[in-house]
Amino acid sequence: MEINWQDIFYFTSSLAMIVFFICCIWLIRLFFIASKLIRNLTVEAQKLNNIVDDVKYFSTSIKLKVLKFLSKILDKADKKI
């Protein structure tokens, strides 16, 4: 029985191309999943950043209101003296 090397190389190269094609599709899918996760992470980071900015703004606002209140009290106290 004679081995036909041309058929063997044709079969193995076809099999290698199919495996390579499947790996490329898998890598593209993995890339899209990773990019989606990174996009979700950046959105969540932006939300947390907005929350931190709001907390800083409110704490500054509360400090200003307390200082205005205290200055009014001290002004009234100074006027009585």
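What follows is a conversation about a predicted model of a protein.

Colleague: What makes you say that the protein is more spread out than a compact globule?

Modeller: The protein has one helix and zero strands. Its radius of gyration is 35 Å, whereas the globule rule gives 12 Å for 81 residues, and because the value is well over that figure the protein is described as more spread out than a compact globule.

Colleague: How many of the residues are buried, and how much accessible surface does the protein have?

Modeller: Buried residues make up 0% of the 81 residues, where buried means under 20% relative accessible area. The accessible surface comes to about 8,200 Å², and 73% of it belongs to carbon and sulfur atoms.

Colleague: Why is Y57 called exposed?

Modeller: Exposed means over 50% relative accessible area, and Y57, which is placed in helix α1, has a value of 57%, so Y57 passes the cut-off and is called exposed.

Colleague: What makes the contact between E44 and K47 a salt bridge?

Modeller: Side chains of opposite charge can pair when their charged atoms come close. For E44 and K47 the distance from N to O is 3.7 Å, and a salt bridge requires a side-chain nitrogen of Lys or Arg within 4 Å of a carboxyl oxygen of Asp or Glu, so the pair meets the condition. E44 and K47 both lie in helix α1, three residues apart, which is about one turn of the helix, and a search of the whole structure finds one salt bridge.

Colleague: Why are E44 and K47 called partly exposed?

Modeller: Partly exposed lies between the cut-offs of under 20% for buried and over 50% for exposed, and because E44 has 43% relative accessibility and K47 has 45%, each counts as partly exposed.

Colleague: How many charged side chains are there, and how far apart are the centres of the two sets?

Modeller: There are 12 positive and 7 negative side chains, and the centres of the two sets lie 21 Å apart.

Note on methods. Residues numbered from 1 in each chain as written. Predicted model: local features only at pLDDT ≥ 70, side-chain atom pairs only at ≥ 80, totals over all residues. Heavy atoms only, no water. Helix = DSSP H or I, 4+ residues; strand = E, 2+ residues; numbered from the N terminus. Buried < 20%, exposed > 50% of the residue type's maximum accessible area, 1.4 Å probe, protein only. Rg over C-alpha atoms; globule rule 2.2 N^0.38 Å. Areas by Shrake-Rupley, 256 points an atom, 1.4 Å probe, with all protein chains shown as cover. Lys, Arg positive; Asp, Glu negative; His and termini not counted. Charge placed at Lys NZ, Arg CZ, Asp CG, Glu CD.
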